[in-house]
Amino acid sequence: MARLKTIARRTFLIGSAAIAGGVAFGYYRLRQDPPNPLLKDLKAGEAAITPYVRVDAKGVTLITPRADKGQGSYSIQAHLIAEELDVDPHKVRIDPGPPDTAYFNSRIMDDSLPFATIDEGIMARGARGGGEVLSRLLGMQITGGSSTVPDGYHKLRMAGAVARETLKEAAARRSGVSRSQLKTKDGQVILPDGKSVTYAELAIEAAQLAPVTDVALRSEQEWRYIGKKMRRIDIVAKSTGTQQYGIDIRPDRVVYATVRANPGIGGTIKRYDASSAEKMRGVKKIVPIKDGVGVIADNTWRAFQAAAAIKVEWNDPPYPADSAGMWKVLENSFSKDLLDSRLRNDGDVEKALAGSSKPIEAEYRTPYLAHAPLEPMNAVVLYTKERLDIWTGTQIPVFLQAHAAKLTQLPEEKIHVHAQPIGGSFGARLDDTYALQAIELAMAMEGVPVKMTWSREENMGHDYPRPIQLSRARGTVRDGMVESMSIDVAGQSMGASWFSRLQAPVPPGPDVSSVNGIWDQPFAIPNFRVTGYKAKEMVPVSPWRSVGASANGFHHASFLDELIHAAGADPMAELIRLCNHEPSKKILHTLRDVSAWKGSRIGDRRARGVALALSFGVPMAQVVEVSDTPQGIKIDKVYAVCDVGRILDPVNFEAQVRGGIIWALGHAMNCELTYENFAPVQTNFHLFEAMRFHQVPEIIVKGLELGGEVRGIGEPPVPPAAPALANAIFALTGKRVRELPLNKSVNFA
Amino acid sequence: MQLTVNSKRYDLDVEPEMPLLWVLRDELGISGPKYGCGAGLCGACTVHIDGAAVRSCSISAGEVRGSITTIEGLGTPANLHVVQQAWIEHQVAQCGYCQSGQMMTAAALLSKTPDPSDSEIADAMDGNLCRCGTYTRIHSAVRTAAQMMKGK
């Protein structure tokens with residue numbers, strides 16, 4: 001069809017000069033949501049077909065607003081859009097887009113609500129709807145909570161479909177062929193006679209159209225990407241050293257900087273003496289910042305050296321100076337006035353305890369833990385009186401934008417956050433202290449880009465950790481079965497600490513994070529009570545991979561195993577008997593079969609532990625197999641079975657499960673932050689090792705697709721691993737380890 | 001001071017005690033070697049000096065004797081080293097930040113020990129941390145790379 005081509009060329013020539021706006025349409029228009037942020041910066045010749053699709057003369061750009069910290073979010077977001085848009089995600093551009101409230105996360109609040117993530121009752125659904133409204137109101141563009149997939153599964157495909165149909169409509173108008181007769185393939189609209197026109201050629205016309213919103217998503221049978229092995233879009237870059245992270249950005253005229261903040265987070269600075277540091281080679285400026293001091297130099301290492309040479313006196317932060325004092329606070333928090341929640345209270349625990357001649361009592365402890373991603377916190381910032389540009393990896397771009405506006409007194413629209421791929425986070429980049437420090441330094445270097453990097457030591461000391469937690473558990477058994485379980489948890493509130501740093505309202509109601517992973521577990525213990533006590537805030541804390549359940553999985557699943565052994569029951573059989581959630585039960589049955597479970601002892605020197613934890617809506621059960629070797633306990637095998645509703649990419653699914661298990665086991669084996677004089681003793685990886693290559697077990701993963709809601713998989717592998725390991729150690733040695741890390745009590749090979 | 005990096009010679013004016021890593025990253029703009037710990041504990045900064053795997057954060061520029069190869073010199077997207085091919089095939093990387101160092105360590109291992117045993121792989125790779133936990137795929141990729149080298 002010659003006419004089509006001619007018009008395409010001509011339209012483009014006219015259009016590229018004429019069009020400077022475009023239209024906002026797509027999913028958000030349907031929902032009366034915020035306007036399409038891409039329209040604000042649209043250049044001539046570009047069409048922002050939805051907040052997730054931009055088309056210009058060079059081709060298609062997919063917008064992937066959820067941060068990629070290694071969990072593969074860019075790739076899965078791109079594939080979900082591409083599934084409907086008919087483009088090859090490897091052949092188009094991928095851009096995280098600007099920070100914008102339009103990219104709010106509809107599911108980020110799920111884990112902060114006092115309803116189990118599997119609860120489909122009216123109240124729970126209503127609360128989740130409320131959480132979505134709150135997220136929308138606050139424009140919570142947040143990456144976290146294993147929510148990228150649940151939030152985007154429908155929304156991103158719809159964005160792709162709307163863009164596709166609108167591009168088809170543009171082609172229909174141009175060709176005179178009705179839209180229903182057109183097809184799309186690999187970035188092109190195909191006409192009935194086989195001729196084609198690229199999306200790029202249709203950009204101008206598509207931008208002028210009203211959006212085509214009466215679209216239906218494709219059926220599963222038509223899927224080309226979802227459910228099949230995907231190739232990560234960043235795999236070549238990450239296999240050749242060519243992936244650029246925030247820490248690799250090196251603009252012209254860049255200067256290099258670092259900071260030293262009070263080692264006791266929250267404490268202020270009294271005075272400093274930089275007289276010797278100032279004279280060191282390459283040092284350009286010493287700058288006081290909030291709670292610390294920064295050095296700007298011509299090389300990062302020179303900045304590190306100079307920062308170390310500054311003599312500083314600090315003011316103490318308002319909490320105990322050492323770990324013993326911090327534990328004391330928790331020990332004293334089991335009081336009526338600090339009672340915060342009782343989200344579960346089945347049967348009559350007190351009656352069961354009173355009726356038993358031999359109640360079982362135990363105390364569980366889990367330590368502060370750093371996220372310690374391998375890429376230390378860093379940001380490049382260019383400040384002028386007119387605008388601020390920030391290049392950094394962040395899970396909270398809109399919050400960073402707001403905080404930066406406040407700090408610089410510039411309006412928010414003058415704050416440009418350029419989100420970067422992240423070298424690991426595990427929750428660390430849910431805070432932006434490092435970026436705000438970099439802004440303070442850049443404000444002292446107007447017009448010069450400042451690249452601020454934390455030393456590893458600074459990073460270990462200022463990584464808002466996972467909170468410490470203390471549980472007092474009691475329970476009874478009767479007739480070979482678990483009869484009652486009561487767990488009282490004392491912890492400082494992660495939410496209160498983190499939301500206050502975000503300058504966002506702390507979610508109303510009880511602090512669910514400190515009891516998640518206990519109260520919401522799918523077991524019908526006849527008498528089951530979970531009580532939360534809110535300890536006062538100490539070291540400022542933040543979400544750590546799998547959040548509350550990361551610690552509570554250990555507290556709950558270890559104590560349950562303790563009761564099962566006291567009852568003389570088989571751990572697998574008793575978990576199955578107690579389980580009252582069908583998908584979880586199926587998981588356990590599958591795990592029993594896959595692992596060929598025949599009891600927790602295998603001969604003299606080998607043993608197994610089992611644990612199930614349900615978090616982020618995903619039931620995940622694991623068997624850990626250990627053996628006794630002359631060098632210590634060796635973890636030989638892990639079997640992991642879970643249900644995420646549907647597995648979108650089997651390749652990354654397996655990677656996330658294995659990685660999550662290695663993460664959890666490694667930290668359970670040998671990681672903690674202990675405090676002396678307000679600062680963590682663990683200053684680098686020699687004291688915070690986690691799992692080394694030689695310790696890695698064989699990991700057998702089986703993902704079930706039971707057809708329920710589609711869930712994320714970044715976090716759910718973590719909670720059951722530590723208790724499964726501790727349960728295996730008990731089966732092997734007879735020693736019940738109730739405190740992490742385990743290497744305080746046993747040796748590992 | 002003169003250094004040879006990826007077959008290119010550089011004249012530098014830096015103090016001899018500056019760690020090689022920071023010469024590469026901040027003076028030369030070679031960003032494949034990563035800063036992770038600054039103390040030889042994580043391996044993210046691993047480069048080759050005359051073929052041997054060295055932690056560039058823990059050797060000062062003045063101590064370097066020999067020719068330096070970074071991940072950029074090992075292979076490129078258009079001309080992949082077998083180790084990089086294997087890393088792509090197994091989709092090893094998650095965040096990818098440690099992987100330059102992992103691949104440099106693996107390449108040094110395979111150049112000396114083309115058919116390593118499991119324990120030789122573990123010994124060689126033990127100093128390279130991966131916080132994402134990609135170790136099982138690293139193991140598979142080292143095996144695959146060894147096979148590919150055999151076929152060449």
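Q: Which domains does the domain assignment of chain A give?
A: The structure is a predicted model, in which local features need pLDDT of at least 70, side-chain atom pairs count only at pLDDT 80 or more, and totals for chains, interfaces and linings use all residues. Residues are numbered from 1 along each chain as its sequence is written, while chains are lettered from A and ligands numbered from 1 in the order in which they are written. Domain bounds come from an automatic or database domain assignment. For chain A that assignment gives domain 1 (2–105 + 141–226), domain 2 (250–317 + 377–453) and domain 3 (333–370 + 465–744).

Q: What distance separates the centres of domain 1 of chain A and domain 2 of chain A?
A: The centres of these two domains are taken over C-alpha atoms. On that basis, the separation between domain 1 of chain A and domain 2 of chain A is 37 Å.

Q: How do the residues of the side of domain 1 of chain A that touches domain 2 of chain A divide?
A: Two residues are in contact if their C-beta atoms, placed from the backbone, lie within 7 Å. Ala, Val, Leu, Ile, Met, Phe, Trp, Tyr, Cys and Pro count as nonpolar, Asp, Glu, Lys and Arg as charged, and the others, Gly among them, as polar. In chain A, 12 residues of domain 1 are in contact with 16 residues of domain 2. On the domain 1 side, the division is 4 nonpolar, 5 polar and 3 charged.

Q: Which radius of gyration does chain A have?
A: Helices (H or I, at least four residues) and strands (E, at least two) are DSSP runs, numbered from the N terminus, and chain A holds 20 helices and 28 strands. Its C-alpha trace spans about 90 × 70 × 50 Å along the principal axes. The radius of gyration is taken over C-alpha atoms, and the globule rule is 2.2 Å times the number of residues to the power 0.38. A compact globule of 749 residues would have a value near 27 Å, and chain A agrees with 27 Å.

Q: Which residues make the contact of α19(A) with α20(A)?
A: Axes are lines fitted to C-alpha atoms, for helices over the stretch in contact, and angles run from 0 to 180 degrees between N-to-C directions. Helix α19 (residues 650–670) of chain A and helix α20 (residues 721–733) of chain A pack at about 55 degrees, with their axes 8 Å apart. The contact residues are Ile661(A), Ala664(A), Leu665(A) and Ala668(A) of α19(A), and Ala721(A), Ala722(A) and Leu725(A) of α20(A).

Q: Where is the place of Pro741(A)?
A: Leu740(A) and Pro741(A) are joined by a cis peptide bond, with omega about 0 degrees. Most residues other than glycine have a negative phi, and most peptide bonds are trans. Pro741(A) lies in the segment after α20 of chain A.

Q: Where is the place of Ser146(A)?
A: Ser146(A) is a residue other than glycine with a positive phi, near 50 degrees. Ser146(A) sits in the loop between α4 (122–138) and α5 (148–175) of chain A.

Q: In which order do the elements of chain B run from the N terminus on?
A: Chain B has 6 helices and 5 strands. Along its principal axes the C-alpha trace of chain B spans about 45 × 30 × 25 Å. From the N terminus on, the order of elements is β-β-α-β-β-β-α-α-α-α-α.

Q: Which element gives the largest share of the side of domain 1 of chain B that touches domain 2 of chain B?
A: Chain B is divided into domain 1 (2–73) and domain 2 (75–151). Their contact takes 15 residues from domain 1 of chain B and 12 residues from domain 2 of chain B. On the domain 1 side, β3 (46–49) and β4 (52–55) of chain B are the elements that give two or more residues. The largest share, 3 residues, comes from β3(B).

Q: Are α3(B) and α4(B) parallel or oblique to each other?
A: Helix α3 (residues 82–89) of chain B and helix α4 (residues 99–112) of chain B pack at about 125 degrees, with their axes 9 Å apart. Angles under 35 degrees count as roughly parallel, over 145 as roughly antiparallel, 65 to 115 as roughly perpendicular and the rest as oblique. The two helices α3(B) and α4(B) are therefore oblique.

Q: By class, which residues does the side of chain B that touches chain A have?
A: The contact takes 45 residues from chain B and 46 residues from chain A. On the chain B side, α1 (20–27), α2 (71–74), α3, α4, α5 (118–125) and α6 (135–151) each supply at least two residues. By class, that side of chain B has 22 nonpolar, 16 polar and 7 charged residues.
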